[in-house]
Structures are given as C-alpha cells and as structure tokens.
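This report examines the strand pairing, the nonpolar cores and the chain contacts of the structure shown here.

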Amino acid sequence: MVDVCIIGSGAGGSPIAYELANAGFDVVVLEKGANYTEDDFTKDEIGVTRRDMFTPPLSEQKHIINEYQADGTFTRYDGEESGWSFWNGSMVGGSSNLMSGYFHRLKPNDFKLKSVYGVIKGANVVDWPISYEELEPYYDKVEKVVGVSGKIVKHKHLEPRSSEDLPYPELQTNGAVQWFDRTCKALGYEAIPTPRAILSQNALGRNGCYYSNFCGSYGCASGAKGSGRAALLQKCSAKIITDAFVYRLESDDKKVTRAYYYTKKGIRHSVQAKIFVVAAQAIETSRLLLNSKNRYFPNGLANSSGEVGKNLIFSAGGSGSGRFVFEKLTPQQQKELMEVGVFFNRSLQDWYAYEKETKQYKGGTIDFLFEHQNIISRVMREVYDENGNLLWGEKLKEKLHKRLTTSRVLTFEVFNDWLPTDKCFVGVDEKVKDKYGVPVGVINLYGHPHDLAVGEHLAQKAVKVLEKLGCEEISYSISSAPPPNLVAGGCRFGNDAKTSVLDKNCKAHDLQNLYVADASFMPTGGSVPYTWSIYANSFRVADVIKKELQG
Amino acid sequence: MTFSRRNFLKAGFLSSAVFLMDGCSLFGVTTPIKTFAILHHDLFPYAQELGIDTALYMQRVFHHSRISEADKTFLKNGVKWLNEEALSQYKKEYTKLSLAQREALLLHVSKTEWGESFVYDVMNYMFEAMLGDPVYGGNNKEAGWQWLNFQGGQPRPQKAYM
C-alpha cells in the first residue's frame, strides 16, 4: 500500500505529487495518457492542432452533450458524431502542457460573490468557505515554484500580494505593444502586462523561453512553460504510471480502499493507498465518482449530498479581433508589427467590477494577444469572399498573399464568471460506453443570460481599444459556447455536507481519505483562466494531506 | 504493421475505379486520385508553380487514423458526385472537361450544400499539404511557407503523425 494515490497528473495532481514525494512519502500517480519529453513537443500544426494527437480519438472515448434550448428542452449531441470534444490533453502533466499560461489570480471578492453582489435569480452563487487571504501564500508559492514572469503594475483592481513583484522579468514583447499602451492611456484604461507561467530566463533547472512563435495549444520544447510536468513532476520521485485509465474507486462506508484502472489493452490493475486524490479535470472527476457508486454510496462515491457533478462551470465571455493593415502604418511600424515570436502580453482588468445603471456588477478580464500563428488555419479563414462565396485560383492567391504578408490580427479574449446553475451539470450515460466499457460522461450545458450581459459590456470596451488603435474588420462574439479547456465545478467545496461535496480542505465530506484537487472544488469560477488557482489550491491541499500523513 | 486485407483495400482506394452511373446505366469510370489532382490544380494552380504536389497528400488523408470514416466517406462521395454532375452537364467526367467547363462546374457545385462542403474540405487538405510541415510530403522545401513569409516553428517534427 502506498501513502498517496493521485488520479490525474495535470495542474491539480502535480503539486500534490511534488509536495508529498519531496516530503518523503510514497506517491503513485495514475495517468491515462502517455509521457512526452521536451523533444516530443514539435511545432507540427497538422499533428498537434488538426489531428489532435494529444487527446483521445472520439471514436474511442467521447461525451454525450445536452445543450439547453430556449424552449426548455435539451438538444442531445453524441461527441463522436458531432465532433464535439471536451478533451484537453491526455498526457503526463495534462493540459497544462498545452496552456498559453495566462496567469491571473482570483481577487478577494471572487471568494464571496454572494455576500458582495447578492443573489442572482436562476444561479446558485455561494461564498467560498475560504478567503483570498488563505489562498494568497499559495499563489505566491506558485510564482516561485512553477515560475511566473511579468511585472506587477498597480491598478484599481490589483489584488493584495505578499511579494512585491513577480520573480521573473517580463517576456519580450512586440513593438505594437507600445501603440497599445499609448492608446489605453489615451482612453483612460490601465493596460497591464499579462503575467505568464513562462520563464523569461533560465531558472529552476529549466530553460527560458526561446520564442518559438507556437506557445498555446503546443507543448513547450524548452521547459520554459510551467506545465505540471516540467515544473513539478520531473522534480520529484513520485511514481507515474502512464496508460492507466482509472474507472472505479472502491470504498467501504468510511474510506476509499482501491483505485482500479485499465491499460489501453484492457488489462485491469489496482492500487491501494492510504489517501486518494482525484484530479482528472472537472468533467472526468465527477464521472469517476458517479461511476464508482456502491452499496454505501448508491448515488455515486462521496455523493450523499447529491451534489456530485452539479454546478459545472466554464469561463463565460468570448473573443474578438481587429486587423492592423500596412496601409495605415509607417514602414518602421510595419516591420515592428510583423516581428514574430515575441508576445503581445497585455490585459485589462479595469472592469473587474463595474457599475451600470446604479447596479454593481462583477465584471472580468480582457487579455490581448496576436492571432495564433497556425498558418493552415489562418489561410482557411480567408477562403470565403465578403459575400460568403468560396474563393479559389488567382483571386484566392492574391488575397492570401496580401492578407498574410501585409496585415496582422490582434485578438482579445474576455473572461467573466460562468454562473453556476441547476441546468449545467455532469452525469453519466448508462447506455453509451467508451472503449473500456465504462459509461461515458454526460455534459449538460446552460449559460446564464447574466453571463452574456457582462461579456458584452467587456467586449465593447475591448472594441474601443481596437478602434482607437486603427484596426480594421473589428468583430467579436460573446456566447454561451463553453470553452472545453476552461472547466471547473462539479464537486463544490463548502462547510455544509448537505449542500457541498468537499469540505474546505477539498476532502470529501463523506469519506476520510478522499480528496479532489482539480478545479472541481470551485463553487464559482472568478473571471480569469483557472490554472493558477488550481495550482495554488492544490499546493494548499498538499499541506493538509502532509499534516494528515505526518499524524 | 501487419499487411491486412483491410489495409490493402484502403491503400488501393485512391487509384481504384469509381463507377459513375447516369441514372441506372454505367456511364464512366475514373479514379479519385485523377480527380483530386485536377481539382487541386483548378483550385490553387500556384501550388504546382511552387513545385508542391498536393494530390499525393490525399493518400495520407485516406490512411489517417484520426480522420473519421464519415469524413473519408464524404470525400469519396464528393468525387463521385462531382463527376456525376460533370456527366449530367457535359457528358464527360470531370478530368476530361476543358478548363472553362471545370470552372463553370465548380462555380455551380460550390453553391450547393454538398458542393460547398466538399470544395471546402478539399481545399482544407490541399492547404495542409501545401503549408504543413514538409515531413508530410507536400510543402516542397518549404516553398509554401516562403511564399507567405512564414518560418515554421522549432523544433520541427521528425516524422508525420498518422
């Protein structure tokens, strides 16, 4: 029997493996995917982004998706037939290998949305059982252990910090960033450098960023990106078992006793441990608990509250873009604009909270970045003319050359709260099974209208910046489409065992030795990408488990 | 990999005959590779000028483990439907039409629901061949990238992901 068995090796599982293995405990990590090294992380657009080499084929593993419609019904999609994938990175280190590493902390009010902003009809908003102050030391720890680069600039929504600045200097940026800063200043907006989980110099036994021009969606070949693999797992002695899909946890009435897993070939194995930590990413974590029902927990493991799978959240908002064109730029500016590799790295948090018609709203974050460099995708976005007709031949050739060599697209992404509701939750399908013969997860989707109103407010601010910058073809889309890589909830933590799955330490109320350490614990999500908060919370939970094991 | 009959059949698809029916009688015979080669030339002749053979890449598409059977079937059907449309309008299969006839036919089918999807899909794979990493067999000496002042990213793949 090992001390700790962790299911999932991503941002939720890796800090616990790192902390406990380095404290001398016997740790096993079960990872469904394969192990990759930095040498494997090539910039192969076809393999990585068009053939999804890091996620399972939908023909073998999929979800059933029920999308809520305005008339009150759900429309059912089979993930395989529709091509709708919620997988993000089945590999050691999970999807943290493929993140862009836009690192923002939650802010104090994110921990008490209900107290600060009140009840919103149709949404299950609650305060967290912990405060920002309790998580702050762990955000700080992530900055130093995983590595966060950037520069802290004082602004009206800057959260309290125990370290004055980030430990690593800003990454290099494109010349156009100066235009952006000047523009924001003229508009009275406070542009801030985006903190990134990317080392700007060699440090922590890893190489600094080499500006490959292919960061988000791709693995990092230098180790600069702070994935759970590069930053944590390769710096500890935790035993990682790959090709291990955990399909069931066995328990008695008090404790989890065994984790069962299948290899790709369908061979069954199991692991016994004193403590089990589930961190399979939000949807799969709820699925595993629901699939682990037994005589003591007939509705799913740790589910006496009936809350497992409930209040699934994503990140609300959307994205937009505008195009810089050579005709409006000096030759020097044209040259600056086309310099690739270096980052844009600017964010606006001016409207993290705002007032509209005397009402206080929780707002969000806007990140600005250049359009992804994937060239096949960029070309395929140009194959229609302005009337929606397909182009080919000489016309297409001229258009492609002009657009790709004399203009560049600046995009923005809006992050605001995806309110938790009764209509957005995870279940399991008793009939549809994956290649292992295990019931697949069912994702029930619903976006609260409030999310759209807030997203719209933020997007319009971003549009003002693009207009003032002189961009053309400005457009944006705010929708209830769920970003599969920004998912949380399903096992919310709280002080009341009747209304939450986990206690404030992310231990299941129902069991003495079961913890959940991915984003499942979050009752509300805040208005930033999740990874930094997942890391920080996982380091916090690691301290709890360490104490428990030390007796 | 063992050489199974299934693989043999898949390997043979591009050069095997597609029987074209006009109503109920056999009207013509073509092979998908011939149609793709002419179609690619019609859609983006500049690829050939850059020395890039995009049609051969279709072999990889039909072999790929991560392209669904449904998508492959649609491409096969598209070849058949395009040729049948050529037969019905000009009494000749697509590859035997004049340039002007092919252009007119493409304009016509691209306004139909299946035709738009088909032409889009064909272009999608064609540009993968032209602008993907040269390890996939297209993008001759990075000529596609150079045309668009694009450098690719490091490190580059050592082998095609299939």
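The sections below treat the sheets, the cores and the interface in turn.

## Parallel sheet and the helix across it

The model is predicted. In chain A, five strands form an open sheet in the order E6-E2-E1-E10-E22, with parallel pairing. Strand E6 (239-241) and strand E22 (514-516) of chain A are the edge strands, each pairing on one side only. From one strand to the next, the twist averages 20°.

Helix H13 (residues 531-550) of chain A lies across strand E1 (2-7), strand E10 (273-278) and E22 of chain A. The helix runs at about 170° to E10(A).

## Antiparallel pairing around E17

Strand E17 (residues 407-417) of chain A is mostly covered, with nine of its eleven residues buried. Strand E12 (residues 315-325) of chain A runs antiparallel to E17(A), and eleven bridges join the two. Here A:Val325 stands opposite A:Ser407.

E17(A) also pairs with strand E16 (residues 364-370) of chain A, again in the antiparallel sense, over seven bridges. In E17(A), A:Glu413 is the residue opposite A:Asp367. As a general point, side chains in a regular strand alternate between the two faces of the sheet.

## Nonpolar cores

The largest nonpolar core has 124 residues, of which A:Ala17 and A:Val277 touch the most other members. H13(A) supplies the largest share of this core, eight residues.

Leaving aside residues up to four places away in sequence, A:Ala17 touches A:Ile6, A:Val27, A:Val29, A:Leu232, A:Leu233, A:Cys236 and A:Ala238. A second, separate core of 33 residues includes A:Leu329, A:Leu337, A:Ala459 and A:Cys471.

## Contacts between chains A and B

Between the two chains, 30 residues of chain A are in contact with 29 residues of chain B. On the chain A side, the elements that give two or more residues are helix H2 (45-50), helix H10 (375-380) and helix H11 (393-405). H11(A) gives the most, with seven residues.

By class, the side of chain A that touches chain B comprises 15 nonpolar, eight polar and seven charged residues.

Notes
Residues numbered from 1 in each chain as written. Chains lettered and ligands numbered in written order. Predicted model: local features only at pLDDT ≥ 70, side-chain atom pairs only at ≥ 80, totals over all residues. Contact = placed C-beta atoms within 7 Å. Helix = DSSP H or I, 4+ residues; strand = E, 2+ residues; numbered from the N terminus. Nonpolar A, V, L, I, M, F, W, Y, C, P; charged D, E, K, R; others polar. Buried ≥ 20, exposed ≤ 12 C-beta atoms within 10 Å, placed from the backbone. Pairing = 2+ DSSP bridges. Axes fitted to C-alpha atoms, helices over the stretch in contact; angles between N-to-C directions. Core = buried A, V, L, I, M, F, W, Y, C linked by C-beta atoms within 7 Å.
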